[in-house]
Amino acid sequence: MNTSFLYDPLGPVGTRRARYVTWTAAVIGLLIVGVVALQLYSRGQLDPQRWAILADPASGVPNALWQGYVATIKAAAIAMVLALGVGLFMAAGRLSVHRPIRLVTGIIVEGFRGVPLLLLMLFAALALPHMGIELSLLAIVVLALVAYNSSVLCEIFRGGIESIDKGQTEAAEAMGLGRIEILRKILLPQAVPKMLPVIISQMVILLKDTSLGFIVGYAELLRSGRSLVEYYGNQYALQIYLAVAVMYIATNFAISFLARRLAVRQQHGRKGKAAPSTPLSPTPVTGTR
């Protein structure tokens, strides 16, 4: 897509300035990396023996990190699916034509959005047992994540749907389509591509928020790394925490990549299903005398 109309192309002077700025930033970045590397080397943090612990099965570090990673992915995957479903359901309530439904849904959404996720997790862990509701650690983490993120996703869905021209909704209603059919067949297919970057960002936030599970004793990735540091001592803290960070970054990158691929595939699918326009053949005009 040609976007040159959005900005004026750089001239020769602007091109040279941009090149100088790029090279200057690259040199400064390399200098910072070099200074950090020298500091780590002087403190012995680059010693291969320190890093070997990450790949040594006898140390138990790879196994512990993997178990924590699996626990993180399990909680995040379940919470993502449920949060998307509940958020879409609440968005439908927020867009309902019935005022009581909109009012009740709005109170629920604003209530969960206004409460810190950590407080929701503590409530699920400490308050629910006093009400006779006993949950596993995984269920506690998932429940808190769904309660908070579904309310955020609700507003994302509502904003994306309301960005669609209201004339399409009115035309669909004139054709006799119901509210559910309008939402499913007309509004969502157009709104989802617009909302996708924000939804991906929220999914990444959800994944990172699983780290709050350590408050209730859930053995997710960060808690596993922290336990390893406490066991082996601070001399391996950099290596273990860096491995944890790399696992988080790789997973978030994979989520973004898969979401983008899915969006592109869906867009190509819609283009492929579109019926080709057939040119109208000219109709001969017969004149009268």
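What percentage of the 289 residues of the chain count as buried? It's 32%, where buried means under 20% relative accessible area, exposed means over 50%, and partly exposed is in between (1.4 Å probe, protein chains only).

Before I go on, a word on where this comes from. This is a predicted model, so local features need pLDDT of at least 70 and side-chain atom pairs count only at pLDDT 80 or more, while totals for chains, interfaces and linings use all residues. Residues are numbered from 1 along each chain as its sequence is written, and side-chain values use heavy atoms, with hydrogens and water left out.

Okay, the overall picture. The chain has 10 helices and 0 strands; helices (H or I, at least four residues) and strands (E, at least two) are DSSP runs, numbered from the N terminus. Read along the sequence, that gives α-α-α-α-α-α-α-α-α-α. Now take the contacts, meaning heavy atoms within 4.5 Å. Of those in the chain with a separation of 6 or more, 73% are between residues 24 or more positions apart.

Next, salt bridges. We call it a salt bridge when a side-chain nitrogen of Lys or Arg is within 4 Å of a carboxyl oxygen of Asp or Glu, and the count here comes to 6. Have a look at Arg-94. One of its partners is Glu-110, with the closest N and O atoms 3.9 Å apart. Glu-110 sits in helix H4 (residues 99–113) and Arg-94 in helix H3 (residues 61–94), so the two are 16 residues apart. Arg-94 also meets Glu-155 in a salt bridge, at 3.2 Å, N to O. Glu-155 belongs to helix H6 (residues 137–162), so this pair ties together parts that are 61 residues apart in sequence.

Are those side chains buried or exposed? Arg-94 and Glu-155 are both buried, whereas Glu-110 is partly exposed at 38%.

Glu-162 is partly exposed, with 46% relative accessible area. And it all joins up: Arg-94, Glu-110, Arg-113, Glu-155, Arg-158 and Glu-162 are linked in a network of salt bridges.

On to the aromatics. Rings of Phe, Tyr and Trp (its six-membered ring) pair if their centres lie within 6.5 Å; planes under 30 degrees apart are stacked, over 60 edge-to-face, and the rest tilted. There are 3 aromatic pairs in the structure. One of them is Tyr-231 with Tyr-232, edge-to-face, 4.9 Å centre to centre with 85 degrees between the planes. Tyr-232 also pairs with Tyr-236: the centres are 6.0 Å apart and the planes are at 80 degrees, so that pair is edge-to-face too. Ring pairs link Tyr-231, Tyr-232 and Tyr-236 into a cluster. As for accessibility, Tyr-231 is exposed at 66%, Tyr-232 is partly exposed at 21%, and Tyr-236 is buried at 18%.

The axes of helix H7 (residues 166–174) and helix H8 (residues 179–209) come within 10 Å and cross at roughly 145 degrees. Those axes are lines fitted to C-alpha atoms, for helices over the stretch in contact, with angles running from 0 to 180 degrees between N-to-C directions. On the H7 side, the contact is made by Gln-168, Thr-169, Ala-172 and Glu-173; H8 brings residues including Ile-182, Ile-186 and Leu-187.
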